[in-house]
Amino acid sequence: MTSPETAPVPRTQERPAAPGLLAALAPLLSAESDAEAPAAGVDPGDLEQAVWLRLLEQLRETGTAPEHPAEWLRRAVRAEARRARRTHDRERPYRDEPAEEPGDAEPHGSPEQSLLAAEGRRSLRAAVTRTPGRCPKVLTAMLDPEDPTYREIAGELGISQGSLGPMRSRCLGCLRRMLAAEVPAPGRRGRVR
């Protein structure tokens, strides 16, 4: 005969999952989210938050943790990633809000965007100084905020206006190759279906 302390608890009276379960699942959730988020086009933190919410909803509804928590967590992460990917693919900017371009002169919104834009400008200026020959002078003149004409740039550099176009093309090609070697092209990562 079993004592009341050791008697099995019926499934309907089980206690909710212990905080230890959530702590044990946190590293797995973080790793799974980091793996799935790039292909879904979302932030890993957003993916983690969605799965935690799903787990808490299940705990509230059923009162018990999933039978195989690790397997449930992996399935939940993949399901949330698929949902996020579908949502991301269907979202379009409002007509009243301009679509944000990566090279906007004045970034909209957060300090992070301002910082990233300033860092991009610093990287560009640094790359311009490393270009060969007369390219630093040509490209610096082209990047002047006063937007000088070809005639003004040619007069400043002491070259003919007709040779400025081909020289600009060569310098931009050199700069493009330098920057392409430093920064990977943006885009979706992971499997494309």
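A search of the whole structure finds six salt bridges, a salt bridge being a side-chain nitrogen of Lys or Arg within 4 Å of a carboxyl oxygen of Asp or Glu. The structure is a predicted model, in which local features need pLDDT of at least 70 and side-chain atom pairs count only at pLDDT 80 or more, while totals for chains, interfaces and linings use all residues. Residues are numbered from 1 along each chain as its sequence is written, and side-chain values use heavy atoms, with hydrogens and water left out.

Glutamate 32 is buried, at a relative accessible area of 13%, where buried means under 20% relative accessible area, exposed over 50% and partly exposed in between, for a 1.4 Å probe and protein chains only. Leaving aside residues up to four places away in sequence, glutamate 32 touches Arg74, Val77 and Arg78, contact meaning heavy atoms within 4.5 Å.

Two of these contacts can be followed further. Side chains of opposite charge can pair when their charged atoms come close. Arginine 74 and glutamate 32 meet through their side chains in a salt bridge of 3.6 Å, N to O. This pair links distant parts of the chain, with arginine 74 in helix H3 (residues 69-90) and glutamate 32 in helix H1, 42 residues apart. Arginine 74 counts as partly exposed, at 33% relative accessibility.

Arginine 78 also forms a salt bridge with glutamate 32, and the closest N and O atoms are 3.5 Å apart. Here too the pair links distant parts of the chain: arginine 78 lies in helix H3 and glutamate 32 in helix H1, 46 residues apart. At 34% relative accessibility, arginine 78 is partly exposed.

Helix H3 takes part in a further pairing. Arginine 54 forms a salt bridge with glutamate 80, with 3.0 Å between the closest N and O atoms. The pair connects distant parts of the chain, arginine 54 being in helix H2 (residues 44-62) and glutamate 80 in helix H3, 26 residues apart. Arginine 54 is partly exposed at 30% relative accessible area, whereas glutamate 80 counts as buried at 7%. Salt bridges that share partners join Glu32, Glu36, Arg74 and Arg78 into one network.

Helix H4 (residues 111-130) remains to be described. Its buried residues are Ala117, Ala118, Ala127 and Val128.

Notes:
Helices (H or I, at least four residues) and strands (E, at least two) are DSSP runs, numbered from the N terminus.
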